[in-house]
Amino acid sequence: MLDFLYQPWPWYIAGPIIGLTVPILLLLGGKMFGVSANLRHACAACNFGNVEFFNYDWKTAGKWNFTFLIGTVLGGFLGGYIFANPEPIALAASTIADLQALGIQDFNGLVPDDLFAWEMLGTGVGLTVLVLGGFMVGFGARYAGGCTSGHAISGLSDLQLASLIAVIGFFIGGLIMTFFIYPIILG
Amino acid sequence: MKFSEYLKYLLIGTGFGFVLVKSEVVSWFRIQEMFRFQDIHMYGIIGLAVIVGIISVQIIKRKNMKDAAGNPITIPPKDPSQVTRYIVGGAIFGLGWALLGACPGPMFALLGSGLTIMVIPILAALAGTYTYGVLRDKLPH
């Protein structure tokens, strides 16, 4: 039983569980699953400069979602710290070869130490990945009206055409980064 | 919101964060693998999540089910005519997703796993969100 908590879960177990988040939140409180809304609510809670987009009652809209997000951090602690998988991720051999060719050397954890470390903040590569990457995720999610959870999971679950278009947009950006820009950044 | 309500959302969030880590969706490596189409892993997860989501949302809608408080469940439709915002905004998100290797949920789950450096992309994502709010009226949607 404990083995199951330490081991990585196969996609055919994890996928349906993630999908169930949608009806559980709907049935529990009529809530639409979407993580990036929290970033907007956080801006609304501060709202320096009285920006109109952040002028709304964030407490009513966001308290439940903030609570959910605190849970996500807690779940990350349980899954990635208490019950951390001691083995490296079983990536496709072709992915490992491609990433090694780009100079990635550490394949032990969930993310490579080559990029995700405090000392990397002093480098152009580190700043690009951590700061520019984070910025584009936040900016793009709000511009597109949702992120992976809001569009790819919730929106597609409700058969929303808008979400399908957004997911196509996610992949346009992701493929351009992977095949054209990342090799330059790491080159 | 009552304490029991907070507890419910906290537990669901905890389950979500746990699955994100156990399924390795939070992994920068898995995202690189996905955008290279080198394994079924991420596609299997998103695909099955969507299938389960579609079936359950259809049941909720067709049976006119109510939420725990007895209120009718309504899902606000998104306007598909705003193609620019979904393609351009989506592409900017996708650039960031592939670069950072984490979308918003995983950023927070990784932070919880002890990866303190994730504070930086989270703050950057807040800055990005704020910047969008400021520029919103000047952007095509």
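Helices (H or I, at least four residues) and strands (E, at least two) are taken here as DSSP runs, numbered from the N terminus. The structure is a predicted model, in which local features need pLDDT of at least 70 and side-chain atom pairs count only at pLDDT 80 or more, while totals for chains, interfaces and linings use all residues. Residues are numbered from 1 along each chain as its sequence is written, and chains are lettered from A and ligands numbered from 1 in the order in which they are written.

With that convention in hand, chain A reads α-α-α-α-α-α-α-α from the N terminus on, that is, eight helices and zero strands. Its C-alpha trace spans about 50 × 45 × 35 Å along the principal axes. Contacts are counted between residues whose C-beta atoms, placed from the backbone, lie within 7 Å. Among the contacts in chain A with a separation of 6 or more, 52% join residues 24 or more positions apart.

Chain B has six helices and zero strands, in the pattern α-α-α-α-α-α along the sequence. Its C-alpha atoms fill a box of roughly 40 × 40 × 35 Å along the principal axes. Here 53% of the 141 residues count as buried, and residues 24 or more positions apart account for 45% of the contacts with a separation of 6 or more.

Now to the meeting of the two chains. The contact takes 107 residues from chain A and 102 residues from chain B. On the chain B side, α1 (3–22), α2 (28–35), α3 (41–62), α4 (83–100), α5 (104–112) and α6 (119–135) each supply at least two residues. The most comes from α4(B), with 17 residues. By class, this side of chain B has 63 nonpolar, 27 polar and 12 charged residues (Ala, Val, Leu, Ile, Met, Phe, Trp, Tyr, Cys and Pro are nonpolar, Asp, Glu, Lys and Arg charged, and the others, Gly among them, polar).

Nine of its nine residues are buried, so α5(B) is largely enclosed by the rest of the structure. These buried residues include P104(B), F108(B) and G112(B). They pack against α3 (37–46), α4 (58–82), α6 and α7 (148–157) of chain A, together with α1 and α6 of chain B. After α5(B) comes G114(B), with a positive phi near 105°.

Leaving aside neighbours within four places in sequence, F93(B) is in contact with M136(A), V137(A), G140(A), A141(A), A144(A), C147(A), F170(A) and G173(A).

Within chain A, V125(A), T128(A) and A144(A) of α6(A) meet A166(A), G169(A), I185(A) and L186(A) of α8(A). The residues of this contact divide into five nonpolar, two polar and no charged.

Note on methods:
Two residues are in contact if their C-beta atoms, placed from the backbone, lie within 7 Å. A residue is buried if 20 or more other C-beta atoms lie within 10 Å of its own, exposed if 12 or fewer, and partly exposed in between; C-beta atoms are placed from the backbone.
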